[in-house]
Amino acid sequence: MNLSEYFYCGFRRIVAAAPTLHIADTARNTDEIIKIVRQYSDSADIILFPELSLTGYTCADLFGQERLLRDASMAIHLLCEQLLDVTPMIVVGAPMRFRNALYNCAVVICDGEVKGIVPKTHIPNYSEYYEARWFASGANLPADTTISLNGRNVPFSPRLLFSFRGMTVGAEICEDLWVPTPPSGALAMAGANVILNLSASNETIGKYRYRRQLIAQQSARCRCAYAYASAGAGESSTDLAFPGYTAVAEDGRILAESPRHEYGAHLTVADIDLQQLTHDRCHTNTFMSPASDTQSYLTIECGGSVAPFGERFEAACSLVGRTIDPHPFVPADPEHRNENCTEIINIQCLGLRRRLEAIGCRNLVIGVSGGLDSTLALLVACRTFDMMGLPRTGIQAITMPGLATTSKTRNNAWQLMQLLGVSSLEIPIGAAVDQHFSDIGQDPQCHDAAFENSQARERTQILMDYANKCGGIVLGTGDLSELALGWCTYNGDHMSMYAVNASVPKTLVRHLVEWFADREVNKEISRILIDIVNTPISPELVPSDDDADTIAQKTEDLVGPYELHDFFLYHTLRYGSTPYKVMILAREAFRGIYDDATLVKWLRNFYRRFFNQQFKRSCMPDGPKVGSVCLSPRGDWRMPSDASAAAWLREVEHIEEALMSENLHSLIDFDEACFMISSFY
């Protein structure tokens, strides 16, 4: 798979470079810049260099020398000549004279031509900085200001935007990021989805962490990609040390950054995702303020057409600078995962506590199967009752062995209930279900939907009636993944009075139970919890033909691996990604784990089930939202129950056809055709 496919999925490649600098030697600096540009000319979309990268930031009073300023102007001209044949946008730093003042500028070059020059807005003149000795602020220069450069009038203002390859690019310089209202905020409101920062930030104790936080936070606040390139090796060490830090962030996350404390040139390469950024901006309706001043910005068209499919990139390679997490709901870092688990459990307990207090209820009824979901709900209930100072005996835990319940899950459920100190009850449902089969004429040997759902509804009836008997409410146990796939029985386990797991995906439930196990003082409880974690996920509704104590019905064999469905769910709902893009990301995330045929099979199943099971979600019980993806019809997800999945399934068919013919180009043709049709209508 080559990178031009990624281009059509909204990916753009940014290189943030800090070459080795030669103070006041513009010729050598220009050579260093050209070398890097040539290295990435066929793969990058934007190549960014540091503040005053043509001269050096630490030239001091040499900025008053005519020779240096003329050399900087000549260097820009040379860059344009030498890079006429390269396609990326090149952004370098240079001093520029205008109307009897000197400005610290970002120079934007495309197709061998200077498209615009952005002067620095905030000029630091404190502590180790004394830029006001040489430079003026460009804050008051309107968007229509021009400067004469090498015989051409070029836009010259901090209020410039550059349209290039689907990106709208804005630039700010070093100190601009550190002030209360950075120019990038206004640039983003005016349409910029990529912000470039040319910097010369020296190193002091603790500054690295703060600078890194600023970059990540500004990318989050602006819902943009933020590329940062700071001066490094070669800058004067008279009084300061420059680390040459480079980084690319996206929507609050550092995608890639240069190593620390390594002398020499630093390069950071990362692929940003414009589709994700666009989705978040459209989704967050407060992003565009009604008072935003978008009229006083000038957008400059920079061309940047892409070569025909298959010509621009030849080598097959993966995304660069960004990791596609196969488990987006579960942080890979143990410390981060632990923090998330703690927070989620606290949210669940807070929601349940508020519900119990609001209705004046001191009793809960919960069905405990010995599986993951009911175990998590039971543990949350116990923790909530402890927080409220209520006796755990107010939790009426009922296990209801049925026609396919194994001794393993039955014993785990019963022992856990006993050890947790809740009120425990076992009510077998076999006889009641047999009577029901007789009443409706169901053949007990026919293991169809009626056979399975009768058991689920019998259990729910028991729970509901017992809740009436003891003056309690039924606590739901179903999770987010089951709701997404409709893997629950309508008016059976689908229904409760409060559903604490409703926005917790299956891949995370396991870790939440492990969180409880790790903190449990009672070693026997911890042992049972770990055993439950390691038990195959099953509704246990269909008995085994051979061994009554064998789990015959394994959920993931029937609906597909939950790690895949949670991955599909996350990218479909969180970013509105198309099936094609979800497939591209899944191939990257699960490389060497699932083949293409398996991915397509379960992707098709995901879309089919997600659409035709919406009716269950339309009447789902209340439950607390814990993460960025939630299916509550009262909150995050409103969808008609009779919406058609045809367009999504049609795209999956095209994916399958393209994979079978090994002609992924046809997917682009299909995607472009769909775009043309939608644009026409």
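Start by selecting threonine 598, which lies in helix 18 (residues 596-612). This is a predicted model. Threonine 598 has a relative accessibility of 25% and therefore counts as partly exposed, since buried would require under 20%.

**The largest nonpolar core**

Next, select phenylalanine 610. Leaving aside neighbours within four places in sequence, phenylalanine 610 is in contact with Ala484, Leu569, Leu573, Arg617, Leu631, Trp637 and Met639. Phe610 belongs to the largest nonpolar core, which has 94 residues. Within this core, the residues that touch the most other members are Leu378, Leu475, Phe568, Leu569 and Phe610. Which helix gives the most to this core? Select helix 8 (residues 372-388): with 10 residues, helix 8 is the top contributor. Another core lies apart from this one; it has 35 residues, including Met96, Cys105, Ile109 and Leu149.

**The largest pocket**

Select Arg253, Pro328, Pro331, His336 and Tyr570. These lie nearest the centre of the largest pocket, which is lined by 43 residues. The volume of the largest pocket is about 1600 Å³. To see where parts of the lining come from, colour helix 5 (207-221), strand 13 (253-257), helix 7 (334-359) and helix 16 (562-575); each supplies at least two residues of the lining.

**The cavities**

How many cavities of 30 Å³ or more does the structure hold? There are six. For the largest cavity, select Gly478, Leu483, Asp493, His494 and Ala499, which lie nearest its centre among 14 lining residues. The largest cavity has a volume of about 110 Å³.

Move to strand 8 (residues 160-164). Five of the five residues in strand 8 are buried, so the strand is largely enclosed by the rest of the structure. In a regular strand, side chains alternate between the two faces of the sheet. Show the side chains of strand 8 to check both faces: Leu160, Phe162 and Phe164 are buried on one side, and Leu161 and Ser163 are buried on the other.

Now bring in the strands that pair with strand 8. Strand 15 (residues 298-301) runs parallel to strand 8, and four bridges join them. Strand 9 (residues 167-173) runs antiparallel to strand 8, with three bridges between the two. On that side, select serine 163 and find threonine 168 of strand 9 opposite. Strand 8 and strand 9 form a hairpin with two residues between the strands. In this hairpin, arginine 165 takes a positive phi near 50°.

**Aspartate 273**

The last stop is aspartate 273, in strand 14 (residues 266-273). Is aspartate 273 buried or exposed? Its relative accessible area is 0%, so aspartate 273 is buried. Show lysine 581 as well: a polar contact of 2.5 Å joins the side chains of aspartate 273 and lysine 581. Not counting residues up to four places away in sequence, aspartate 273 touches Cys9, Gly10, Phe11, Glu250, Arg322 and Lys581.

Conventions. Residues numbered from 1 in each chain as written. Predicted model: local features only at pLDDT ≥ 70, side-chain atom pairs only at ≥ 80, totals over all residues. Heavy atoms only, no water. Buried < 20%, exposed > 50% of the residue type's maximum accessible area, 1.4 Å probe, protein only. Pairing = 2+ DSSP bridges. Polar contact = N/O pair within 3.5 Å; in protein donor to acceptor, adjacent residues only side chain to side chain. Contact = heavy atoms within 4.5 Å. Core = buried A, V, L, I, M, F, W, Y, C linked by side-chain atoms within 4.5 Å. 1 Å grid on protein atoms, 1.4 Å probe; cavity = no way out; pocket = protein on both sides within 12 Å on 5 of 7 lines; lining within 4 Å. Points joined across faces, edges and corners; volume = space filled by probe spheres on them.
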